[in-house]
Amino acid sequence: MKKLKLIQQICEDGVVAVLRGRSADEVVEMAEQSIAGGIKVIEVTMTTPGALGAIERLAAKYSSDAKGKDDSRYAVIGAGTVLDPETARAAILSGSEFVVGPSFNPDTVKLCNRYRIPVMPGVMTVQEIQSALDLGVDICKLFPGNLFSPGMIKAIKGPLPQANLMPTGGVSLDNLAQWIKAGAVAVGIGSDLTNDAVKTGDFSLIAKRAAQYMEVYRSARSGS
């Protein structure tokens, strides 16, 4: 049941903050600012030095086990840029509640299924999506999203209407609504969320940017 609730939470919240930092401390600060701005799904990429430690700290503070589903500080903490099952298991043991990969790795999917952890592999083709569905993947990450237009969602859902797609890479405030209205169940936001903060050293800018993303997302979901 927990896996289903996590998938529902990711789809309801709709915006995933994909965070890469120069250190564990920096990515934790990025995550806290994202959460303060209203983004409740946090993906800590494994390319961040000390990523497992960052996941452990964030999970202890924000995860459902730590805070309970009704706590206003609750957030879903996951791991991104996971290339193999060994890394996936390490992330899960550190408290990751979901796993995201840049590509489709069947062994990683099987490992996550074993532990009942949502897994979102990166896909680019209908064949990869079908193979992911065959292994029980609930959400496929359309990556890199900047290679496609929102119309790609409709094209994929022609032969595969059951596919749940989350574009990541190239999603911005300008096109987020288009992706959601095209049928994306969620979107991943990376550098556009954090670039200004990294350049200026003012991490409060992340919270402000996150609030803007959530406002656009809620408007798109409501159809306004």
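I began with aromatic pairs, for which the rings of Phe, Tyr and Trp (its six-membered ring) pair if their centres lie within 6.5 Å, with planes under 30 degrees apart counted as stacked, over 60 as edge-to-face and the rest as tilted. By that criterion I found zero aromatic pairs in the structure.

I note that this is a predicted model, in which local features need pLDDT of at least 70 and side-chain atom pairs count only at pLDDT 80 or more, while totals for chains, interfaces and linings use all residues. Residues are numbered from 1 along each chain as its sequence is written, and side-chain values use heavy atoms, with hydrogens and water left out.

**Entry: ring and charge.** I looked next for a charge over a ring, meaning NZ of Lys or CZ of Arg within 6 Å of the ring centre and within 35 degrees of the ring normal. Lysine 141 lies over the face of phenylalanine 143, at 4.4 Å from the ring centre. Phenylalanine 143 is also joined to proline 144 by a cis peptide bond, with omega about -10°. I placed proline 144 in the loop between strand 7 and helix 8 (151–157), taking helices (H or I, at least four residues) and strands (E, at least two) as DSSP runs numbered from the N terminus.

**Entry: cores.** I then looked up the nonpolar cores, each a set of buried Ala, Val, Leu, Ile, Met, Phe, Trp, Tyr and Cys residues joined through side-chain atoms within 4.5 Å; buried means under 20% relative accessible area, exposed over 50%, and partly exposed in between (1.4 Å probe, protein chains only). The largest nonpolar core has 60 residues, of which Leu176 and Leu193 touch the most other members. Apart from that core lies another, of 15 residues, including Ile10, Val16, Tyr74 and Met120.

**Entry: strand 2.** Which way do the residues of strand 2 point? I found Val41, Glu43 and Thr45 pointing one way and Ile42 and Val44 the other way, all of them buried. Five of the five residues of strand 2 (residues 41–45) are buried, so strand 2 is largely enclosed by the rest of the structure. For its partners I required at least two DSSP bridges between two strands. Strand 1 (residues 15–19) pairs with strand 2 in the parallel sense over four bridges, and alanine 17 stands opposite isoleucine 42. From strand 1 the chain crosses through helix 2 (residues 24–36) to strand 2 in a right-handed β-α-β crossover, that is, with the strands pointing away from the viewer, the path from the first strand over the helix to the second runs clockwise. Strand 2 is also joined by five bridges to strand 3 (residues 76–80), and the two run parallel, with valine 41 opposite valine 76.

Entry: Three strands form an open sheet in the order 6-7-8, with parallel pairing. Its edge strands, strand 6 (122–123) and strand 8 (165–167), each pair on one side only. Two bridges join strand 6 to strand 7 (residues 140–142), where glycine 122 stands opposite lysine 141.

**Entry: loop residues.** Threonine 81, in the loop between strand 3 and helix 5 (85–93), has a positive phi near 55° and counts as buried at 17% relative accessibility. Aspartate 138, in the loop between helix 7 (126–134) and strand 7, is partly exposed, with a relative accessible area of 31%. Leaving out residues up to four places away in sequence, I found aspartate 138 touching Lys3, Ile7 and Asn164, where contact means heavy atoms within 4.5 Å.
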